[in-house]
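Hi,

Here is the structure I promised to pass on. Have a look at it first, and my notes follow below.

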Amino acid sequence: MSFEIPDDCRYLESHEWARTENGTVRVGITDFAQDELGDVVFVELPEVGDAVGIEDAFGVIESIKAVSDIYAPVSGTVTGANETLIDEPELVNEDPYGDGWMIELDPDDEADLEDLLSPEEYREQIE
Amino acid sequence: MSLRTPPVPHDTKTTDFGGWEMPVEFDSIRTEHEAVRERVGKFDVSHMGEITVSGPDAERLLQRLTTSDVGALDPSESQYAAITDEHGIMLDDTIVYRLPADQDEAYLFIPNAGHDEEMYDRWVDHRDEWGLDATVTNRTEEYAMFAIQGPDSPDLLGAETNVDLSELSRMDVVSGTVAGTDSLVARTGYTGEQGFEVLVPWDEGGTVWDALDCQPCGLGARDTLRLEMGFLLSGQDFDPEEEPRNPFEAGIGFAVKLDTEFVGRAALAGVNVEGPEEKFVGVRLEERGVPRHGYEVQNTDGERIGHLTSGTMSPTLGEPIGLGYLPAEYAGEERSVRVLIRDEPKKAHTTAPRFLP
């Protein structure tokens, strides 16, 4: 099976992706992660304004068969949470790098992103 | 210890279930679940045990080791039963088939995955202790077992078998062919839908599986389908070590025939008089969240009153549902409770274990 691993993201070993747009870091889970979880039915996300630390569990994702924590790729302040997922958690399965995003962060230090896995490194991890 | 594998190689995600490496999902649990509720799906359940019992005392042996009335079975009939210890605690649940007269063996019963060796030993030990004349054979790895379930299952299976499925009543079992292979065809299942289970020789498993042209389903959908019906899962909703329960607590008193003689009967007669202190109930969450095995259930004052043994997001209802044990007064009517999810009490109410009409 081949999983989508976009070139414009960085990755955590725990299968989160991070993408920087205009100084904001958007975070979600990878195509591989959504496939492993199966049908996502519930997502619990932090509030805007919450502080998250690097590799802290900031939320919970539940599929029909499993519960999984979601980890922050960098530390920062939450500036957005994808409220659409409350009613449409299946977006995580359908579009993990697009409409299925989880949170947006104002990073404490944007340079922390460089410590994350590159697309190539992440591909090696899951293959 | 290496996992036992079913006769058909499935190229999909698998899980260890009762010591067997079994498919957990083929497409998605939701897709598979919906196929069974609306059309038809097939399950490889070759991890279920098969033990045959024959000989002059076969009926007596089965009668004394299961809670149902084996003597009431005519050939080609089957019944659901619990297997209890002397305290009335459930060791497993099973279907006991009285096989059609054209079969070499008299009875076949189906222990759950991973229980076949334990149940074989139990049967043999009691046979010897009681001096009964019966031949007990563990045929778990001689039979592949497939379930074909859903409203379209008669058409789907009907096209592949010489059995007139319209003649088959619920719990009937007959001999016939499926995809040209000698089989046992039973109108049984674990989904709440119309459906069938077929037992075929292990080596013919692949031929039969491939001939059944419908949605393949894994253990994930099997679990959500049975959960919506409030059917017990052995080893999870009851377990002699982790969740010791008697059949009255577990809501299967209908499978206990106290006028027959069986191990556990005296204890269960007492429970029947006094009534169980706790009962198996359904719980519906009124807030967002997913109830799971092991979650604590509280009353509205925040006091612990029980726990869940199973739970999921119901694909059919689109709502979170759970099963578990609560004080008996919570069964039978809708009562407000709380389910503790990650230390947060979530509003919920009790229901019958069966969630679908």
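A word on confidence to begin with: pLDDT is the predictor's confidence in each residue, from 0 to 100. Chain B averages a pLDDT of 97, and 100% of its residues score at least 70. For the complex, the predictor gives an ipTM of 0.88 and a pTM of 0.95.

This is a predicted model, in which local features need pLDDT of at least 70 and side-chain atom pairs count only at pLDDT 80 or more, while totals for chains, interfaces and linings use all residues. Residues are numbered from 1 along each chain as its sequence is written, and chains are lettered from A and ligands numbered from 1 in the order in which they are written.

Chain B is divided into domain 1 (13-48 + 141-229), domain 2 (51-138) and domain 3 (277-351); the bounds come from an automatic or database domain assignment.

Now the contacts (C-beta atoms, placed from the backbone, within 7 Å). On chain B, 12 residues are in contact with 8 residues of chain A. Helix 1, helix 6 and strand 16 (304-313) of chain B each supply at least two residues of that side. Helices (H or I, at least four residues) and strands (E, at least two) are DSSP runs, numbered from the N terminus.

Helix 1 (residues 29-38) and helix 6 (residues 219-229) of chain B also pack against each other, at an angle of about 55° and with their axes 8 Å apart. Axes are lines fitted to C-alpha atoms, for helices over the stretch in contact, and angles run from 0 to 180 degrees between N-to-C directions. Ile29(B) and Val36(B) are among the residues of helix 1 of chain B that make the contact, and Ala221(B) and Leu225(B) are among those of helix 6 of chain B.

Best wishes

Definitions and conventions. Contact = placed C-beta atoms within 7 Å.
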